[in-house]
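Reader: Hi! Could you walk me through this one?
Author: Happy to, here it is.

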Amino acid sequence: MRTNFKTYQIHQSIVQMVFYSPGRTSSYPEEPPTKGYRYHYLGGGNEVGNVGVVLEDQKQTRLLLDYGLAPTTPPRYPSEAPEVRDAVITHSHVDHLGMAPWLCANHRTRLHGTALTAEISELMWYDCHKVSSIEKYPLAWDKRDIDTALESWNIHRFKETWMHEDWKLELHRAGHIPGAAMLNIETPDRKILFSGDFDTRDSPLTKGAEPVKTDTLFLEGTYGGREHPPLQEEEMRFIHHVQRVVDRGGKILIPAFANGRTQDIVMRLHKHLPHLDVHVDGMGKRIAKMQMNHPETLRDVQAFKDAWSWSRRVSSKSDRKKALDADVIVSTSGMMQGGPAIWYLNRLRHDTANAILFTGYQAEKTGGRKLQTEGKVNIFGNETEIPLEWKSYSFSTHAGHKEIVDFAAACEAEEVVIYHTDPKNARPPLVEALEKNGHIVHNPVNGVSEYLGEEYSRSN
Ligand SMILES: [Zn+2]
Ligand SMILES: [Zn+2]
């Protein structure tokens, strides 16, 4: 039976499946494109995450790029996708693939992506399902749909070409996290590059993205208007901080996202502080194993393997107790929303020699943000004072403002569509810098169709 869902403003206390309603609920137009190439953001056009964009030409060749959700409180979902035979999933973060099980169950859509993205997707979907039941937010798909989605994967290597009607498709490395890809499309009359989440800078785990010459560049603008600190300097500030805390007899808790950040942090610690005792807990352990199965996605396989076997993985309750004697504990969840990080925090909070070092953005209404703004965290239902030193370090693997602008120039893109961005603060400085460089800039809005090509975009 075909089901639909609606992006209602969901009140947290409503737990029934408010998504499902009879009739058509997609923002996608029913009429085919009248000219050139039409794109339409179901989500992620003028917001960070929650990505889904449909690209369609006059011959009605249609492709969906990503289909995620934003795990905010409450979560945000893209508009219902129209019938699509094929979707390309750029990488295994939930804001890019969280709604794919719905897609496969309802439209029998084939998913295209790298082998590692496909392998990690299973973990991400199960985790997404688990979190939705714990936090009581509705999800438009159930566990059986995960099986359908897993059977829907079509795997592609980087730079291997496949045809989608008369469009030539190719995945290129995007940096960001292992397995992350940009999609390069060559139609008979236009080149289109879709960045996904990307970074041109190398991280310990991955090599940065390289430019591809294109006509139209769909570019993520998460960090528009913000520059990253020089990576090496930030790394050394972080390393010195860890050593300072250890020297005073303290232990360090590093809340880290499972998919990319956990492994990057372990590699940094191994490189500079090999004398320390570092324990790793959470979903990052399973993801590391998967990453090792796909060495083609890694910058330095041996360095990763060495770092990983040097760290001690927590795999039982007694391991967890032992980890309390370690110098450093790296653990999910990255925003202190549950996970073993909370268990450790509850033990470590009693000794003010200890410290918490954040290595990623702490979203609103998360445990991490509450600690940073109020000095408190909700631990097992109790609001608890955390009298520990804390500091944030910037190890983002999204391109910063300069990297974004330089990348567009290096791709020689005639037009740039800036998405996955905050339209108030991040997008305006990007638009200004890109227009100054001579690019035609598009500012997509969710639910509004636009056309590519100079001759069309000027009149729109
Ligand atoms: Zn994203
Ligand atoms: Zn991402």
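Reader: How are the donor residues of the zinc ion (ligand 2) spaced in sequence?
Author: Their spacing is H-x1-H-x82-H-x20-D. This is a predicted model, where local features need pLDDT of at least 70 and side-chain atom pairs pLDDT 80 or more, while totals for chains, interfaces and linings use all residues; side-chain values use heavy atoms, without hydrogens and water. Residues are numbered from 1 along each chain as its sequence is written, with chains lettered from A and ligands numbered from 1 in the order written.

Reader: Which atoms are the protein donors of that zinc ion (ligand 2)?
Author: They are His91 (NE2), His93 (ND1), His176 (NE2) and Asp197 (OD), 2.2 to 2.3 Å from the zinc ion. Donors are N, O and S atoms within 2.8 Å of the metal (3.2 Å for Na, K and Ca); water is not among the atoms, so sites may look incomplete.

Reader: And what does aspartate 197 bridge?
Author: Aspartate 197 bridges the zinc ion (ligand 2) and the zinc ion (ligand 1), which lie 3.6 Å apart.

Reader: Are histidine 91 and aspartate 197 buried or exposed?
Author: Both are buried (under 20% relative accessible area, with a 1.4 Å probe and protein chains only).

Reader: New topic: what is the strand order in the open sheet?
Author: The 6 strands run S14-S13-S15-S12-S16-S19, with parallel pairing. Strands S14 (312-313) and S19 (389-392) stand at the edges with a single partner strand each, so one side of each has no neighbour in the sheet. Strands here are DSSP runs (E, at least two residues), numbered from the N terminus, and two strands pair if DSSP finds at least two bridges between them.

Reader: Which residue in S14 is the bridge partner of histidine 279?
Author: That is arginine 312. S13 (residues 278-281) and S14 pair over 2 bridges.

Terms used: Helix = DSSP H or I, 4+ residues; strand = E, 2+ residues; numbered from the N terminus. Buried < 20%, exposed > 50% of the residue type's maximum accessible area, 1.4 Å probe, protein only.
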